[in-house]
Amino acid sequence: MADKITPCIWFDLGQAKKAAEFYVSLGLPDSRIDHVALSPADNPSSKEGEELLVEFTLAGRSYLGLNGGSMFTPTEAVSFLIQTEDQAETDRLWDAIVGNGGSESMCGWCKDRWGVSWQITPRALMDLHREANPARAKAGFEAMMQMKKLDIAAILAAADAAG
């Protein structure tokens, strides 16, 4: 790994590689599994020779999956935010995560089957946060607050109706 800081995601035993394989299958550019490290000795979460660490890259960023066990679980306090370019990409990623054992939440948030939180967020919504007209930003935000999977056309229509 070349990055100075690499986020480490704690998974239940034997799940890190499965999760990494799923993440790299999402079709994000420059994504791959870089290395799988076996435990060099027995430890509290694995036996010698079992998968311990999975180094992987998503959209050019390095991550580490740790098969740590069930004593810690993911929290919404940390999430992956993917800025999508259009509705087709929004739908594809949302459907892949939710449709593969994940769950929906509000405002473009969902969880994958390992409990990791994702925000599937259209770039158009992020642009509205920088909007000079506060009425447009507010209307787009209020429309988003009513949605699970985000609908770009509906968010922009709300913003346009506000001015």
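What does Met 106 count as in terms of relative accessibility, and what is the figure?

Mentor: Quick ground rules: this is a predicted model, so local features need pLDDT of at least 70 and side-chain atom pairs count only at pLDDT 80 or more, while totals for chains, interfaces and linings use all residues. Numbering runs from 1 along each chain as its sequence is written, and side-chain values use heavy atoms, with hydrogens and water left out.

Now your residue. Met 106 counts as partly exposed because its relative accessibility is 34%, given that buried means under 20% relative accessible area, exposed over 50%, and partly exposed in between (1.4 Å probe, protein chains only). Met 106 belongs to the loop between strand S6 (103–104) and strand S7 (109–111); helices (H or I, at least four residues) and strands (E, at least two) are DSSP runs numbered from the N terminus. Setting aside residues up to four places away in sequence, Met 106 touches Met 145, Gln 146, Met 147 and Lys 148, where contact means heavy atoms within 4.5 Å. Leu 150 sits 44 residues from Met 106 in sequence, and their C-alpha atoms are 8.9 Å apart in space.

Another loop residue worth a look is Ser 45, in the loop between S2 and S3. Ser 45 counts as buried because its relative accessible area is 15%. Its side chain has a polar atom 3.2 Å from the backbone oxygen of Asn 67. (A polar contact is a pair of N or O atoms within 3.5 Å; within protein, one must be able to donate a hydrogen and the other to accept it, and residues adjacent in sequence count only if both atoms are side-chain atoms.) Beyond its neighbours within four places in sequence, Ser 45 contacts Leu 13, Leu 52, Asn 67, Gly 68 and Gly 69.

Ala 59, in the loop between strand S3 (51–58) and strand S4 (61–67), shows a positive phi of about 50° despite not being a glycine. Ala 59 is partly exposed, at 46% relative accessibility. Asp 30 is the other: again a non-glycine with a positive phi of about 50°, found in the loop between helix H1 (16–24) and strand S2 (32–38). Asp 30 is partly exposed too, with a relative accessible area of 46%.

Asp 30 also gets us to the charges. Its side chain meets that of Arg 32 in a salt bridge, 2.5 Å from N to O, a salt bridge being a side-chain nitrogen of Lys or Arg within 4 Å of a carboxyl oxygen of Asp or Glu. Arg 32 is partly exposed at 38%, and Asp 30, Arg 32 and Asp 34 are linked in a network of salt bridges.

Searching the whole structure turns up ten salt bridges. One of them pairs Glu 85 with Arg 123, with the closest N and O atoms 2.9 Å apart. That pair joins distant parts of the chain, 38 residues apart: Glu 85 is in the loop between S5 and helix H2 (87–99), and Arg 123 is in helix H3 (residues 123–129). Glu 85 is exposed at 51%, while Arg 123 is partly exposed at 33%.

Lys 138 and Glu 142 form a salt bridge as well, at 3.9 Å from N to O. They are separated by about one helical turn because they are four residues apart in helix H4 (residues 134–144). Lys 138 is exposed, at 51%, and Glu 142 is partly exposed, at 42%.

The largest pocket holds about 640 Å³. A pocket here is an open set of points on a 1 Å grid over the protein atoms alone, where a 1.4 Å probe fits, with protein on both sides within 12 Å along at least five of seven lines; lining residues have an atom within 4 Å of a point. Of its 24 lining residues, Ile 9, Tyr 63, Ser 79, Phe 80 and Leu 81 are closest to the centre. Strand S1 (8–11), S4, strand S5 (79–84) and strand S8 (117–122) each give two or more residues to that lining, and S5 supplies the largest share, five residues. By type, the lining divides into 17 nonpolar, five polar and two charged residues; Ala, Val, Leu, Ile, Met, Phe, Trp, Tyr, Cys and Pro count as nonpolar, Asp, Glu, Lys and Arg as charged, and the others, Gly among them, as polar.

Terms used
Grid points are joined across faces, edges and corners, and a volume is the space filled by probe spheres set on the points.
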